[in-house]
Amino acid sequence: MSLDTGTEALARLAEERVDHRFKGLPPDAEGLTVGELAAQRRNLFSDGFATPVLALSAERLEHNLALMESYTERHGLAFAPHGKTSMAPQLFHRQTGRGAWGITLAVPHQVRVARAFGTRRVFLANELVDAPALRWIAAELERDADFRFVCYVDSVRGVELMDAALRGSGRPVDVVVELAAGDGARTGVRTEAECAAVADAVAGTETLRLAGVAGYEGEVPQADPDRVHAYLRRLVALAVEFDKAGRFAGLSEIVVSAGGSAWFDAVADVFAGIPELSAPVLKLLRSGAYVSHDDGRYRDVTPFNRVPEEGALEPAFRLWAQIVSRPSPEQAFANAGKRDAAYDLDLPVAQVVRRAGTERPATGIEVTGLSDQHAWLRTEPGADLEVGDWVGLGLSHPCTSFDKWQLIPVAEADGTVVDYIRTFF
């Protein structure tokens, strides 16, 4: 995939026609292209958008992109933000344009999306043993000399399956041994001795090349700063031992990678102490939720709470719903539910109410549950809420917010919609 082809694919997103597939968009925009609708700069609140509608803040999105660009530069980290958060090639393009090394992904479909839009470097944070997907990856590597692909291995069996699928291919596939975050953690090799056995298995193939080590500190059991730092030091020590054993001979760089959205300060701290190895070290951070941040889980766990002098991410999502029923003074229902809002970690939070062009805090209003298409609201005595009011909801968990919306308006602070983000889940 050439860069020109990827740029052309991004440009074609603006040529897509607005129709019934896309929730929340103005009905009278039917038949316009996305680019034509964006050029109209309609107002989210007064120019025909229908509820429920999810919007991204233009200003906060830009703030978050800039903050993580400066943070990773300041700490000497390469950055491959996890693209499964948004699955939005427009955002991938903005992230790599703001200095990201590449994009992290989790499954083969996501790699195909990224490649279709010109992503040149992909880190797959998973062991890939699907034979058709491996053969497709091999064909991409053969076709495009600029394509860099790295994925996990976490078992000898996995290495055997990968080798069998890749025999007869051209360029070897780069792999990193995944060190598990502890007993009971998700994936990864449990002990350093087993890591060595997996590395030996890789060395015994011609289809794979050991490029480094990696892990995910977000799976550390009973995570706290001491435990997370201890795990990351184990990961670095594994890289050092592999290098001493000559396992990275011939590499132009050694990959050492970690980093979700809750402990990237610990990654920066420990990776700063990586000693000189036989080749330069690519210290690869993979945090992805930062791009939109949120009003729940990641607001609570972001490392910027521990290092406020380094900045602060801003929640960029807001889901707008409309009150459709007010059956009692203590209860109301809005027209957004599980089909529209993230709910796997926390319920949405009522933040503001809009009526007749005026916005005010949602005082005394609480979301207590979600049905498929309704939000259940409890209202305190005196809460000013009427049928027809718009309620702005803050969401928890970006990954399960993006995936419910195929086309997301990007709105400036005054409601002017300046762009639309297309997702591919």
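Me: What makes strand E6 (residues 173-178) and E7 a pair?
Reply: The two run parallel and 6 bridges join them; strands pair if DSSP finds at least two bridges between them, so E6 and E7 count as paired. Asp174, for instance, stands opposite Arg209 in E7. By the way, this is a predicted model, where local features need pLDDT of at least 70 and side-chain atom pairs count only at pLDDT 80 or more, while totals for chains, interfaces and linings use all residues. Residues are numbered from 1 along each chain as its sequence is written, and side-chain values use heavy atoms, with hydrogens and water left out.

Me: Why is E7 called mostly covered?
Reply: In E7 (residues 208-214), 6 of the 7 residues are buried, meaning under 20% relative accessible area (1.4 Å probe, protein chains only; exposed is over 50%, partly exposed in between). Across the chain, buried residues make up 56% of the 425.

Me: How do you know that the chain is as compact as a globular protein of that length?
Reply: First, the chain has 12 helices and 18 strands, which are DSSP runs numbered from the N terminus (helices H or I, at least four residues; strands E, at least two). Its radius of gyration is 23 Å, close to the 22 Å from the globule rule for 425 residues, so it is as compact as a globular protein of that length. The radius is taken over C-alpha atoms, and the rule is 2.2 Å times the number of residues to the power 0.38.

Me: What share of the contacts with a separation of 6 or more comes from residues 24 or more positions apart?
Reply: That share is 70%, a contact being heavy atoms within 4.5 Å.
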